[in-house]
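Dear colleague,

Please find below the structure for your review. My notes on selected helices and loops follow it.

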Amino acid sequence: MLNSVFLFTGDNVYTLRQELQRWRFSFIEKYGENSLFVFNSENWDNQSLNQALFAWWLFVSKKMIIIEWVPKDMSQDWWIAQDKIDKFFSDFEANQQYLTDDTMVLFVSFKPDKRTRIYKWLSENVQVKNFDLYKEVQLKSFVKEKLQPLTISQEVLDYFLEKVWADMFRLSSEIE
C-alpha cells in the first residue's frame with residue numbers, strides 16, 4: 001500500500017471540499033505554496049504531472065499533488081478524457097516505486113466510475129477517504145455546530161431542515 005497516496009471520494013461534496021481545503025491550508029502553512037501542485041481538467045498535462053510526481057525539486061522538501069477527476073468522474077461537468085487518464089495512470093503504475101514519502105498525492109473524484117481498472121487499483125493500493133451524505137441526525141448537529149453560540153428550538157431546526165434539507169452548501173449559506 002502506498003502510504004502517502006489518498007483517494008478522496010463520496011457523495012458529500014461539501015465535507016470532501018472542506019477536508020481537502022483543510023489539508024491544503026495546513027500543508028501550505030507548513031511547507032509553503034510552492035510545494036502544492038493541483039492538476040484538473042483546466043491544466044491537465046501528462047508531462048508536467050509526471051514531473052511534479054517523480055522529479056526532484058531543488059527548493060521544495062515536501063510536495064502535495066492534488067489530481068482532480070481521476071479516476072474518471074461520472075459527472076460530465078469537469079471530466080478529463082479517458083485516454084489522457086489511462087496514459088497518465090500507466091506512467092503512474094510503472095513509476096510508483098519512485099514516489100517518496102515526501103510526496104503526498106491526493107486523487108479527488110466525487111462519483112468515480114467504480115468499474116474502471118484505475119478505481120479498482122486505487123481502492124486496493126491507497127488510503128480511501130469516503131465522504132458519505134449526512135443522515136438527518138448528522139445534519140442537525142451540523143446546523144447546531146454552525147450556529148454556535150446561538151441555540152434554536154427543535155421545531156425551528158426541523159422546519160429549517162425541511163425547507164433547505166440536505167444540500168450542505170445551501171445549509172451553510174442559509175446559516176450564515
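In these notes, buried means under 20% relative accessible area, exposed means over 50%, and partly exposed lies in between (1.4 Å probe, protein chains only). Helices (H or I, at least four residues) and strands (E, at least two) are DSSP runs, numbered from the N terminus. This is a predicted model, in which local features need pLDDT of at least 70 and side-chain atom pairs count only at pLDDT 80 or more, while totals for chains, interfaces and linings use all residues. Residues are numbered from 1 along each chain as its sequence is written, and side-chain values use heavy atoms, with hydrogens and water left out.

In helix H7 (residues 168–175), the buried residues are Met168, Leu171, Ser172 and Ile175. Viewed down the axis of H7, they fall within an arc of 95° (taken from the directions from the helix axis to the C-beta atoms), so they line one face of the helix. They pack against helices H1 (13–31), H5 (136–146) and H6 (154–164), where contact means heavy atoms within 4.5 Å.

Most residues other than glycine have a negative phi, and most peptide bonds are trans. Tryptophan 69, in the loop between E3 and H3, has a positive phi near 75° and is buried at 8% relative accessibility. In the loop between H6 and H7, tryptophan 165 has a positive phi of about 60°; this residue is partly exposed, at 43%. The peptide bond from valine 70 to proline 71 is cis, with omega near 0°.

Yours sincerely
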